[in-house]
Structure formats: C-alpha cells, structure tokens
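The following note sets out numbered points on the model, for discussion among colleagues.

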Amino acid sequence: NSTHGHFCALRDTLVNTSANGGHSIRIWLHVEGDKTPQFDADGFVVATDASNTLISDMRRYLRAAAELDVLVFFVLWNGAVLKNEQTKALFASPPRLDSYIKNVLTPMAAALAGEPGLGGWEVMNEPEGSVAAGVADADPCFDTMALKNTGAGWAQSTPIPMKQVLTFVGRQAAAIHAADADALVTVGAWSEHSVSDALGLKDYYTPECLKKAAGGAAGAYLDFKQVHSYATAPGKTWNPTSPFRHSAK
C-alpha cells in the first residue's frame, strides 16, 4: 500500500538491471518481519500486511519485471540479521509458523502461480547467520559441529538450533510446492560450508534432512542450491573451498 513513487523506484531498478544485461533479481520481502507480515498481540500471523495489499503489489512488480524479461526471486526472510522477536518465535512455535503458512505464504504462492515474471522463492537469506553452530546432535541432519569456527551463528546471542532452522525452511518449501507445483524454491546459503558435501563440507539442505525436519512433508525440498561467497581481507582472497576456486567437474 505504498505510493506510486515507490513502485516507480523499484521499476527503475528493473529497467537498469535489464539495460545492463541482467535477467534475474532477488528482492527481499518480509526481511526481519518489521513491516510484513501482520502479527497479532499474541505473535500469530493474521494477514499479509495491515492493508492487505501485499499480494497485489507483488503481482504488479512481477508484471513490470516480465515486460523487461527479468525474473524475480522473492526472498521471504533474512537470517543474516534477525532481531524481531515475533519472527524468531516462528522457529520455536509450530502453531505460529502454521499461522504464517496458512494466512500468508499459501495464499501468496497460490495467487502468484503462473506469473511469468516469477523466477522462484527463497525461503531465507543466509539462515546460517542465526543457526547454533558447533552443537553436537545424535541426528547428523541437526549436528552442526561441521560449522564450528566457520563464522556461522554471527547474528544471534542465542542461536537457533539447526532442527528448528530446517523445520522453518522445510515446512515453507512444502507449502509453496503444495500451492504451486511448478514453483522453484531455494535458500540463500551464506557459504559453501552448509550447502555442499564436496571438499569435506556438509550439506544441511538435503531432501532427506528437510523432509525429516518438516514432519515428512513430501514437498520439503529445494529445487536448486544457492551459495554466497565473499572475498576476505587481507588481500581480498577467496576461501580455499569457495566455488570460485573449484571447477564443477
């Protein structure tokens, strides 16, 4: 329910992306949950937003992107910085997560299914920022010893257990797939350390682990992997295991 000027500014970004040869863009949706979705006093999600215009605004944006041959990937949440207590409660409270899926995510994914400008859905940007790293667990899916001393967990004074993170991701992936069978779902992993089994690393987002965390939901899987990689000082060099230093072969 923002002004037309905000739409124009967003469209300008699409125009500039297209003009420079770009054909895809990530745009963050709820981010930390400060503006959307709409929470009630008890922390349950009751609507997309205060004015119930979010879905129509998203559709307008997708159609502007399609006219420019740009695919939009909506990033639902941001794990790299997560301070909103109502949003963090979604991880630990299945009923609260249910309320988001029922009242926002499912209607949103169903309403936008088939939009040619929709590239896919990213459940969360860098969930590893909020995960509890270096915690042993009898279940390999939830054991985060492989992330010890990697930098994971930087965003939380009280990090979130991996099981809750995978439940959060898996249940939303399943809901999107149920609402739109053709939808593509991913996660924006902060580095290769959490999304690959190559080079001695560990992939936490396997279909087996996501399905287990999501209570057996058939649609709890990612359609493609996304990995971020950062050059670090001194010398701005890539990590030894960075994808920029290895061939896919």
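1. Pairing of β1 and β4. I25 stands opposite V72 in β4. Strand β1 (residues 24-31) is joined to β4 by six bridges, and the two run parallel. Two strands are said to pair if DSSP finds at least two bridges between them. Helices (H or I, at least four residues) and strands (E, at least two) are DSSP runs, numbered from the N terminus.

2. Basis of the note. This is a predicted model, in which local features need pLDDT of at least 70 and side-chain atom pairs count only at pLDDT 80 or more, whereas totals for chains, interfaces and linings use all residues. Residues are numbered from 1 along each chain as its sequence is written, and side-chain values use heavy atoms, with hydrogens and water left out.

3. The sheet as a whole. Five strands form an open sheet with parallel pairing, in the order β1-β4-β5-β6-β7. At the edges stand β1 and β7 (226-227), each with a single partner strand, so one side of each is left without a neighbour in the sheet. Helix α2 packs on the sheet and touches β1, β4 and β5; contact here means heavy atoms within 4.5 Å. The direction of α2 makes about 145° with that of β4. For such angles, axes are lines fitted to C-alpha atoms, for helices over the stretch in contact, and the values run from 0 to 180 degrees between N-to-C directions.

4. The strands β4 and β5. Seven of the eight residues of strand β4 (residues 71-78) are buried, so this strand is largely enclosed by the rest of the structure. Buried means under 20% relative accessible area, exposed over 50%, and partly exposed in between (1.4 Å probe, protein chains only). For β5, eight of its eight residues are buried. Six bridges connect β4 with β5 in the parallel sense. Bridge partners across these two strands include W77 with M124 and N78 with N125.

5. The strands β6 and β7. Three bridges join β5 to β6, and these strands run parallel; E122 has T186 in β6 as its bridge partner. Strand β6 (residues 185-189) in turn pairs with β7 in the parallel sense, over two bridges. Here the partner of G188 is Q226 in β7.

6. Helix α2. At 1.5 Å a residue, the 14 residues of helix α2 (residues 54-67) should span 20 Å, and the end C-alpha atoms are 20 Å apart, which agrees. The expected span is 1.5 Å times one less than the number of residues in the helix. The buried residues of α2 are L54, I55, M58, Y61, L62, A64 and A65. These residues pack against α1 (4-19), β1, β4, α4 (94-112) and β5. After the helix comes D69, with a positive phi near 60°.

7. The disulfide. How many disulfides does the model contain? The count comes to one, where a disulfide is a pair of cysteine sulfur atoms within 2.5 Å. C141 and C209 form it, with their sulfur atoms 2.1 Å apart. The pair links distant parts of the chain, 68 residues apart: C141 lies in the loop between β5 and α5, and C209 in helix α6 (residues 207-213). The torsion about the S-S bond of C141 and C209 is about -80°, so the disulfide is left-handed. Both C141 and C209 are buried. A further cysteine, C8, counts as partly exposed at 30% relative accessibility.

8. The surroundings of Q156. Q156 is located in the loop between β5 (118-125) and α5 (162-179). With a relative accessible area of 9%, Q156 is buried. Leaving aside residues up to four places away in sequence, Q156 touches L82, K88, G129 and S130. A polar atom of the Q156 side chain lies 2.7 Å from the backbone oxygen of L82. The side chains of Q156 and S130 are joined by a polar contact of 3.2 Å. A polar contact is a pair of N or O atoms within 3.5 Å; within protein, one must be able to donate a hydrogen and the other to accept it, and residues adjacent in sequence count only if both atoms are side-chain atoms.

9. The loop residue A113. A113 is found in the loop between α4 and β5. Its relative accessible area of 33% makes A113 partly exposed. The C-alpha atoms of A113 and D182 are separated by 7.8 Å, although these residues are 69 residues apart along the chain.
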